[in-house]
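The following exercises are to be worked with the sequence and the structure at hand. Each task is followed by a solution in steps.

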Amino acid sequence: MVEVAIIGAGQTKYGNHEQGLKGMWAESALNAFESVDQNFDPRIIDEAFIGSTAFGGGQLGNTAALMTEHSGMDNIPVRRVENACASSGFAMRDAWLAIKSGQADIVVAGGIEKMNDLSPERKRFWLGVSGDTEWERLAGLTFPGTYALMARRHFHEYGSKHDDLVNISVKNHTHGFLNEYAHLRKQVDFDKAKSGFMVADPLTLYDCCPTSDGASTVILAADHVAKKFTDTPVWVKGSGAASDYLALHDRPSITELIATKKAAEVAYKSSSLTAKNIDLAEVHDCFTIAELLATEDLGFADKGDGGNFASQERGLRNNGDVTINSSGGLKSKGHPLGATGTGQVVEIFKQLRGDVEKGRQVDDAEVGLTHNVGGSGATCAVHIFGRSPND
Amino acid sequence: MLEVQGQHVQYTYLGGLLMTNNSPIFEGYFIIHNDNGIIAKSRFIDGDIHAFGPDSDYTTLAVSAANKLNITKNIGEFAMDENIDSDIMQVSGYLSNEEAEWKIICHPKSAELCITRDRYCDYQFDGYSIESDFIKSIQDAWIEEGVSVSQGAYVSDQTYTISSDARIKMTSQKIDGEIFWPPREFPHKSSEISKTQLTKAGVVESWTTLAAGGAPSEFSIRAPILGGISTVFVKLNDGPKGVFLVVDDNDDEILIGAGVKLVLRKIYAQNNVVRYGLKAIIQ
């Protein structure tokens, strides 16, 4: 079976962009092309999968074709992949599958979102479109609300506290402060993060990720062609994905994401690795409670111990067994919905190759994981990467 | 926002029916009755008349009054005042029939109505004072909302109507003894799926209050006036779970483990039509 490598990866800075969709995608793609060690001509790309929720409706149909025409990837098969905030996590999986199937040798997975060129009211219109519209939305819930319900229930069942969430926020801002691609590059201390104004009780501003513009691009290659482009590829060692009921009330528990657990189970099995082998993980912290749940569901902390994991700073860079969100995560690096999944891969690619900015390197990084969640857990993609291919 | 002016209830007989004083608060309204009829009023007073709370109107009041009446009776059809949405009454289990023995008569100015076989009757309640400016702001917001609601996450009339039995009557599905609510599609023949009405009560398993800025666009005009909106995640007494808005005039602390009763209220407006659903009263 063919092994799949990443030979290049790049992104735009996340935040408020002066560029539109086309400009952001072109910049991201160029950064990815230029990250390939040997000269890379985009005309050799066989296929592309581009994640986007098409936020705002600016280019709802044929988004991917518009993107690739502005990055020298003319006339190849492309499509938009949409699974809410997990869109490009699934684009990554589709690209991996395309190479695994033997039908393509070089495939691009990417993502893009333009969120900050809308009026506040129109932005609000779009922020909840990926949740359960018929029941949750009409009960007043968008994602801050659904994650707030999860948080309060976790507090109740396991004794976790809002202070645990504050620690996650502080950690991710610490990590993101040094990341030149991050949206919110600012140090935030505990007292500041604890005193944010309430958004959805018990979640405050500092529990919530920002809305960001951004794009990210990953170039995947089959093992037999990867060596033409680099001596230090990053290998995709495992891929897993799963789904769950869209609405919280249809799930047996709201203190875990079944989609995460199932996706991780498949990814771990396909890579013959476990949570103990992971040196760093980019997890989907759209809200701080989401990171707490992810550390449990991915196996880094025991069930119910995610609060202690956070407060003991076991996910802080080079402070525990695993570094969680070395990029700053969605909280600090930002969350341009469709771009987030492959943006996580960009961070792992750089970390495993030792290419990050000074002070950001995770020591002895051999194996990394990405965890990309759609909405409140209706979809999830997990990937595991390493400096060496599977045996 | 809502100032408690006087605890209920002072009754003054004004003629018509002799009422009995039994549990005057029902589903969030002042409701008193005897065998001959019912008087239902909003708990709020603006000047010398009753005023509707933020998510109430004659339809929600009528449904509660009919529910109260049917605790001891079995009345399925009413002659209805034009202020009442007969479609919502029907989904709630009450048919409109101009020839029906029982009539629902709305007060022309005050937020009150009478269900009677005879003539309009009245009782005087003290209530909770509500600011005129607040009422006007909410009323204006409902009108504005009706013409400016979300372009992003749109619930069509058809989608809303398909689920109205489940949304308002709590109609659920039963398959092999297991209850499902809200209803879903199954790879089963329809003969294998029976319908059952769930009890409109449950227990809070989690809750949140969204600041005005965090509310979905459907609520973005009213939420700032209300100071935010609250949602409860409820385990229903019959087993399934659901999420419900808390009634807009709730003053009780929301706690995990608290009991809730589900009552009909206005949810939001779209295309100039009010959409109704069940909201939670904290017990």
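**Exercise 1: The domains of chain A**

The centres of domain 1 of chain A and domain 2 of chain A, taken over C-alpha atoms, are separated by 22 Å. The model is a predicted one, in which local features need pLDDT of at least 70, side-chain atom pairs count only at pLDDT 80 or more, and totals for chains, interfaces and linings use all residues. Residues are numbered from 1 along each chain as its sequence is written, and chains are lettered from A and ligands numbered from 1 in the order in which they are written.

Task. State the bounds of the two domains of chain A and describe the side of domain 1 that touches domain 2.

Solution. 
1. Domain 1 of chain A covers 4–119 + 211–234, and domain 2 covers 127–209 + 237–386; such bounds come from an automatic or database domain assignment.
2. Their contact takes 39 residues from domain 1 of chain A and 33 residues from domain 2 of chain A, where two residues are in contact if their C-beta atoms, placed from the backbone, lie within 7 Å.
3. On the side of domain 1 of chain A, the elements giving two or more residues are β1 (4–11), α3, β4 (106–113) and β7 (214–222). Helices (H or I, at least four residues) and strands (E, at least two) are DSSP runs, numbered from the N terminus.
4. The largest share of this side, eight residues, comes from α3(A).
5. By class, this side of domain 1 of chain A has 17 nonpolar, 18 polar and four charged residues. Ala, Val, Leu, Ile, Met, Phe, Trp, Tyr, Cys and Pro count as nonpolar, Asp, Glu, Lys and Arg as charged, and the others, Gly among them, as polar.

**Exercise 2: A helix pair**

Task. Determine how helix α3 of chain A packs against helix α13 of chain A.

Solution. 
1. Helix α3(A) spans residues 87–100 and helix α13(A) residues 340–353; they pack at an angle of about 65 degrees, with their axes 5 Å apart. Axes are lines fitted to C-alpha atoms, for helices over the stretch in contact, and angles run from 0 to 180 degrees between N-to-C directions.
2. α3(A) is therefore roughly perpendicular to α13(A), a term for angles of 65 to 115 degrees.
3. From α3(A), S87(A), S88(A), G89(A), A91(A) and M92(A) meet T340(A), G341(A), T342(A) and V345(A) of α13(A).
4. This contact of α3(A) with α13(A) has three nonpolar, six polar and no charged residues.

**Exercise 3: The fold of chain A**

Task. Describe the make-up and extent of chain A.

Solution. 
1. Chain A has 13 helices and 12 strands.
2. The radius of gyration of chain A is 19 Å, close to the 21 Å that the globule rule gives for 391 residues, so chain A is as compact as a globular protein of that length. This radius is taken over C-alpha atoms, and the rule is 2.2 Å times the number of residues to the power 0.38.
3. Along the principal axes, the C-alpha atoms of chain A fill a box of roughly 55 × 45 × 40 Å.
4. Of the 391 residues in chain A, 64% are buried (20 or more other C-beta atoms within 10 Å of the residue's own, C-beta atoms being placed from the backbone).

Technical notes:
Parallel < 35°, antiparallel > 145°, perpendicular 65-115°, else oblique. Buried ≥ 20, exposed ≤ 12 C-beta atoms within 10 Å, placed from the backbone.
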